[in-house]
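I opened this entry to record what I looked up on helix packing and pockets.

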Amino acid sequence: YLPDAWIYAVFLTFIAYFGAIAIVGATPLEAARAWQKELWNKDILVLIAQFSINLTLCTAMARAPGVSRVLTRIASLPA
């Protein structure tokens, strides 16, 4: 069983939020505003878009019949 990546993102968000409150001494509102401000940072949005495109294209390629056969052959070599 592998949890969805969304669970990890939410978990790490809570760690960062509560860490900002506990370690940095920010108020809960300051921590929430800092998270919101940096979420809409242009560089972060570009990175998110690149990851999304990469994930979509790699999934589509891996599920293509020809590529899937090649990957299956490569995976069977060590056995």
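**Basis.** I worked from a predicted model, in which local features need pLDDT of at least 70, side-chain atom pairs count only at pLDDT 80 or more, and totals for chains, interfaces and linings use all residues. Residues are numbered from 1 along each chain as its sequence is written, and side-chain values use heavy atoms, with hydrogens and water left out.

**Entry 1: α1 and α2.** I looked up how helix α1 (residues 5–24) meets helix α2 (residues 28–39): their axes come within 9 Å and cross at roughly 135°. Helices are DSSP runs of H or I, at least four residues, numbered from the N terminus. Axes are lines fitted to C-alpha atoms over the stretch in contact, and angles run from 0 to 180 degrees between N-to-C directions. α1 and α2 are therefore oblique to each other; angles under 35 degrees count as roughly parallel, over 145 as roughly antiparallel, 65 to 115 as roughly perpendicular and the rest as oblique. I noted that T13, Y17, A20 and I21 of α1 make the contact with P28, A31, A32 and W35 of α2 (contact means heavy atoms within 4.5 Å). These residues comprise seven nonpolar, one polar and no charged. Ala, Val, Leu, Ile, Met, Phe, Trp, Tyr, Cys and Pro count as nonpolar, Asp, Glu, Lys and Arg as charged, and the others, Gly among them, as polar.

**Entry 2: α3 and α4.** I found that the axes of α3 and helix α4 (residues 65–76) come within 5 Å and cross at roughly 80°. α3 and α4 are therefore roughly perpendicular to each other. M61, A62 and R63 of α3 touch P65, V67, S68 and L71 of α4. I counted five nonpolar, one polar and one charged residues in this contact.

**Entry 3: the largest pocket.** A pocket is an open set of points on a 1 Å grid over the protein atoms alone, where a 1.4 Å probe fits, with protein on both sides within 12 Å along at least five of seven lines; lining residues have an atom within 4 Å of a point. I recorded W6, A9, V10, T13, W35, E38, L39, W40, I44, L45 and I48 as the lining of the largest pocket. α1, α2 and α3 (42–63) each supply at least two lining residues, and α1 gives the largest share, four residues.
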